[in-house]
Amino acid sequence: MDAFTRFTNQTQGRDRLFRATQYTCMLLRYLLESKAGSEKLVMKLKKLESSVSSGRKWFRLGNVVHAVQATEQSIRAADPVPRLCLTLANLNRVVYFVCDTVLWAKSVGLASRVHRERWQLRAARHYYCFLLLSLLRDLYEIALHLAQAADRGAGGEKAPGDAQGWQAGDHGESERLQPSVLLLFRSLKRHPPLLLDTVKNLCDILIPLNQLGLCRPSLGIIGLGGLLSSLVGMVTVAYPQMKLKTR
């Protein structure tokens, strides 16, 4: 109960909770739309989704400052590849939150002359660039861990955290999976923050891809991806050690 209280006392925690509710409603709408007699429930879910989405904008009003701080931190990263990817990603995130604030001002009547569709497109572009650069950073980290795992395998070393059960199942797994795929699976298993960050970014990128017309996933796929991403975000807020650190 104390952990839940600490989680909900954080703005990011409340935002992740609202986001999970928003995409759960979207997923349920998709599942119920084809069923007869569920029109009223679908409309209620759609209204709840819209209300939660509007409420989340209040939580994001101060995120521009956090994005600027994240940019300053990424500039000081020791590894040049994450430094470049994260700095560019966070700069795009700053612009995205600026666009989001403008759209919020439009929605409450403070900026009536703002062209809503144009600003939504700008926000989607910068959100897409942010996620794409974040995924590039994840791929770089995965490549580093794969190289380290391959070196350990070539040297006959046993990596820290390996369970004894791995050796028992090695022969069968190697027959079913290609060595590179097995190596990738083991590397991600040993580095949960990297796995969570990769899953989160892969799920999130479906949203701007759909908004920009680059990919047209179904409403159910977007809802499921948004829900999974929100759950991962809740885990990283509740357990900061599960958040991927900058080298």
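## Tyr 96 and Phe 97

Tyr 96 and Phe 97 are both buried, a term for under 20% relative accessible area, with over 50% called exposed and partly exposed in between (1.4 Å probe, protein chains only). This is a predicted model, in which local features need pLDDT of at least 70, side-chain atom pairs count only at pLDDT 80 or more, and totals for chains, interfaces and linings use all residues. Residues are numbered from 1 along each chain as its sequence is written, and side-chain values use heavy atoms, with hydrogens and water left out.

## Aromatic pairs

The structure holds three aromatic pairs. Rings of Phe, Tyr and Trp (its six-membered ring) pair if their centres lie within 6.5 Å; planes under 30 degrees apart count as stacked, over 60 as edge-to-face and the rest as tilted. Tyr 96 and Phe 97 form a tilted pair, at 5.2 Å centre to centre with 50° between the planes.

Tyr 96 also pairs with Tyr 127: the ring centres are 4.9 Å apart and the planes are at 20°, so this pair is stacked. Because Tyr 96 lies in helix 5 (residues 80–107) and Tyr 127 in helix 6 (residues 116–155), the pair ties together parts that are 31 residues apart in sequence. Helices (H or I, at least four residues) are DSSP runs, numbered from the N terminus. Tyr 127 is buried, as is Tyr 96. Ring pairs join Tyr 96, Phe 97, Tyr 127 and Phe 130 in a cluster.

## Helix 8

The buried residues of helix 8 are Leu 182, Arg 186, Ser 187 and Leu 188.

Conventions: Helices (H or I, at least four residues) and strands (E, at least two) are DSSP runs, numbered from the N terminus.
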